[in-house]
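Me: I am new to this structure and would like to know what stands behind the words used for it. Please show it before we start.

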Amino acid sequence: MAAEVSFTVESPGGPRTLSVVYERTGEGEPLLLLHGIGHHRQAWDPVIGILAAEYDVIAVDLPGFGESPALPEGLPYDISTVVSVLGELCEALGIGRPHVAGNSLGGLLALELGRQKLARSVTALSPAGFWTAGERRYAFTTLLAMRHGARLLPLPVIKRLSGTAAGRAVLTSTIYARPGRRSPDAIVAETLALRAATGFEQTLAAGRDGVFSDDVTGLPVTVAWGSRDRILLRRQGIRAKHAIPGARLVRLPGCGHVPMNDDPALVSRVVLDTCRREGREAGQELAHARVQSTRR
């Protein structure tokens, strides 16, 4: 069941109060899930049950997307602001430094949370920010076309299309390699979420100059890319690996831009492996510290 939390963030104009909608399930260490631009928290539904068997899973609607209200007037939708919002969200929920998994825009946000030491581990699925100028223009043009189409289609047409495998492909084959696996209700909901996303244009505008070129150190990082990603081409994963040498680069065979739907078992395994690496490495560091202490 969805819940909403309100908290205060600092801005140049003074403290501002905002709200974020989220769903939380499972027990264990916290795992924060971040969706991509124009999507909503339900993008993670295919894997939440698997992840929640081991972790306290928090799937959020980013500000201006899904059920979360837009950012207050005057707050930009740039990475710095949204990461600050997510940091305050974690404080408000009492989860401190969570594991973070993100897709597309959410992957970029997850990497930035890791860079700022606000995450225990990071799994970035087809993260934004590793494009050339031409690849960015292509991606943004594609996203805008999807947004335009969602806004033009009447609801009865969306419902009719979602009722057949061919119609689901028309609506979502840009982001899914296997759109027929998505349920009709899920297709309708995410098409309406894309249409209603109040933060879409401002987020896209804020990303026009965004290139992630910093390293992320001191925590496990996995970058995973679908072999059939039609928005952010998989060669961008090689650039991500060059920018973050310590990251594990994983190929997701047969998966599109939003791979959680295309292969839930594989995506879950990639996320869980990354989270578990943090526990193993922390345990090794503790054991090493104890050995050093006894030698003194």
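Me: How many cavities of 30 Å³ or more does the count give?

Reply: The count gives one cavity of 30 Å³ or more. On a 1 Å grid over the protein atoms alone, a cavity is a set of points where a 1.4 Å probe fits but cannot get out. This is a predicted model, where local features need pLDDT of at least 70, side-chain atom pairs count only at pLDDT 80 or more, and totals for chains, interfaces and linings use all residues. Residues are numbered from 1 along each chain as its sequence is written, and side-chain values use heavy atoms, with hydrogens and water left out.

Me: What is the volume of the largest cavity?

Reply: About 60 Å³, where a volume is the space filled by probe spheres set on the grid points, joined across faces, edges and corners.

Me: Which helices each supply at least two residues of its lining?

Reply: Helix H2 (79–93) and helix H3 (105–115) do. Helices are DSSP runs of H or I, at least four residues, numbered from the N terminus. Lining residues have an atom within 4 Å of a point, and among them are Ile 79, Val 82, Leu 105 and Leu 109.

Me: Why is Lys 117 called partly exposed?

Reply: Lys 117 is at 39% relative accessibility, so Lys 117 counts as partly exposed.

Definitions and conventions: 1 Å grid on protein atoms, 1.4 Å probe; cavity = no way out; pocket = protein on both sides within 12 Å on 5 of 7 lines; lining within 4 Å. Buried < 20%, exposed > 50% of the residue type's maximum accessible area, 1.4 Å probe, protein only.
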